[in-house]
Amino acid sequence: SSQGEPVLVVSDLARSFGGVAAVDGVSLTVRAGERLAVIGPNGAGKSTLFALIAGQERPDQGRVTLLGRDITGVPASRLARVGLGRTFQSPRPFLTLTVAEALRTAARLSLPRREADARAAFLLERLGLGALASHPGGGLAQGEVRRVDLGLALAGRPRLLLMDEPVAGMALGERAALMDLVGALAHEEGFAVLFTEHDMAVVFGFADRVVVLDRGRALAEGSPEAVRENPAVRACYLGA
Ligand code: ADP
Ligand code: MG
């Protein structure tokens, strides 16, 4: 649905570390209802791009706009309140809070207390975490950690969900179920999704558009089918 309104606009974003241009002039737009995948070989700049969007890193150059608001360099802690939710490549389990407490705490960052607590209760059930409500964050299984992290990202009712390798470390059999859950919630709640993923079955099964990064630059962009057939993309993946 490339007809939707722009939710996220990234313009000419750049960030170097020492002499390495991790992200080197990337522009992209995510529209309402869209599911955009960013793929590329290791070191292509995917995580840095996400860190720039999500306020973990400041860009050397360029702009990030969310729902028409300039969020360039806005710290991560403030972004949930303006409509950005994110999951992590390696979610760190919270050790002292229970699953329910963590979800309530996250929701209260963006929503009034009663609404936040209702949102947390809804997410506990919807993400199949009800039985773990009183369980501390430590000692959860990998798939549970991923679902809790998704719940934390959705706690503030985001308009854009950013996911960095959402199924990394999960059993193959659990991956489709997690992505189906994300897809169902995106449809119900109307948030757009921007994600990276190495599992191509997940990329091609979930994305409706794909951007290919290589050495910090966007090498190709298009439908999953078009990108898969692109000779430059094949060369960058196969090293040909
Ligand atoms: P990807 O997620 O696509 O694997 P990254 O964004 O993690 O790529 O890395 C892109 C490049 O930037 C790599 O060369 C990486 O070594 C470098 N890089 C990323 N973060 C840092 C950092 N904090 N300090 C130094 N170099 C970094
Ligand atoms: Mg990465």
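**Close-up views of a predicted model**

**View 1. Helix α1 and its buried residues.** Lys 46, Ser 47, Thr 48, Leu 49, Phe 50, Ala 51, Leu 52 and Ile 53 are the buried residues of α1. The structure shown is a predicted model. With 8 of the 8 residues of α1 buried, this helix is largely enclosed by the rest of the structure.

**View 2. The shell around ligand 1.** The residues surrounding ligand 1 are Phe 17, Val 20, Ala 22, Gly 40, Asn 42, Gly 43, Ala 44, Gly 45, Lys 46, Ser 47 and Thr 48. At least two residues of this shell come from each of β2 (20–31) and α1 (46–53). Helix α1 contributes the most, namely 3 residues. By class, the shell around ligand 1 holds 4 nonpolar, 6 polar and 1 charged residues.

**View 3. Burial of helix α3.** Helix α3 is mostly covered, 7 of its 10 residues being buried. These are Val 99, Ala 100, Ala 102, Leu 103, Arg 104, Ala 106 and Ala 107. The cover over the buried residues of α3 includes α4 (113–126) and α5. The two helix pairs are shown in the next views.

**View 4. Helix α3 against helix α5.** The axes of α3 (residues 99–108) and α5 (residues 142–154) cross at roughly 25° and come within 8 Å of each other. The two helices are therefore roughly parallel, since an angle under 35 degrees counts as such. The crossing of α3 past α5 is right-handed. On the α3 side the contact is formed by Val 99, Ala 102, Leu 103 and Ala 106, and on the α5 side by Val 148, Gly 151 and Leu 152. Of the residues in the contact of α3 with α5, 6 are nonpolar, 1 is polar and none is charged.

**View 5. Helix α3 against helix α4.** Here the axes of α3 and α4 come within 8 Å, with a crossing angle of roughly 135°. Helices α3 and α4 are therefore oblique to each other. Helix α3 passes α4 in a right-handed crossing. From α3, the contact takes in Ala 100, Leu 103, Arg 104, Ala 107 and Arg 108; from α4, Arg 113, Ala 116, Asp 117, Arg 119, Ala 120, Leu 123 and Leu 124. The contact of α3 with α4 is made up of 7 nonpolar and 5 charged residues, with no polar ones.

**View 6. Gly 83 in the loop between α2 and β6.** Gly 83 lies in the loop that joins α2 (76–79) to β6 (84–87). This residue has 19 other C-beta atoms within 10 Å and is partly exposed, as 20 or more would be needed for a buried residue. Not counting residues up to four places away in sequence, Gly 83 touches Leu 66, Leu 67, Pro 158, Arg 159 and Leu 160. Between the C-alpha atoms of Gly 83 and Met 163 the separation is 14 Å, for residues 80 apart along the chain.

**View 7. Pro 93 in the loop between β6 and α3.** Pro 93 is placed in the loop between β6 and α3. It counts as partly exposed, with 16 C-beta neighbours inside 10 Å. Its contacts, leaving aside neighbours within four places in sequence, are Gly 137, Gly 138, Leu 140 and Val 145. Pro 93 and Arg 209, 116 residues apart in sequence, lie 31 Å apart from C-alpha to C-alpha.

Definitions and conventions: Residues numbered from 1 in each chain as written. Chains lettered and ligands numbered in written order. Predicted model: local features only at pLDDT ≥ 70, side-chain atom pairs only at ≥ 80, totals over all residues. Axes fitted to C-alpha atoms, helices over the stretch in contact; angles between N-to-C directions. Helix = DSSP H or I, 4+ residues; strand = E, 2+ residues; numbered from the N terminus. Parallel < 35°, antiparallel > 145°, perpendicular 65-115°, else oblique. Left-handed = near helix turned anticlockwise from the far one by under 90°. Contact = placed C-beta atoms within 7 Å. Nonpolar A, V, L, I, M, F, W, Y, C, P; charged D, E, K, R; others polar. Near = placed C-beta within 6 Å. Buried ≥ 20, exposed ≤ 12 C-beta atoms within 10 Å, placed from the backbone.
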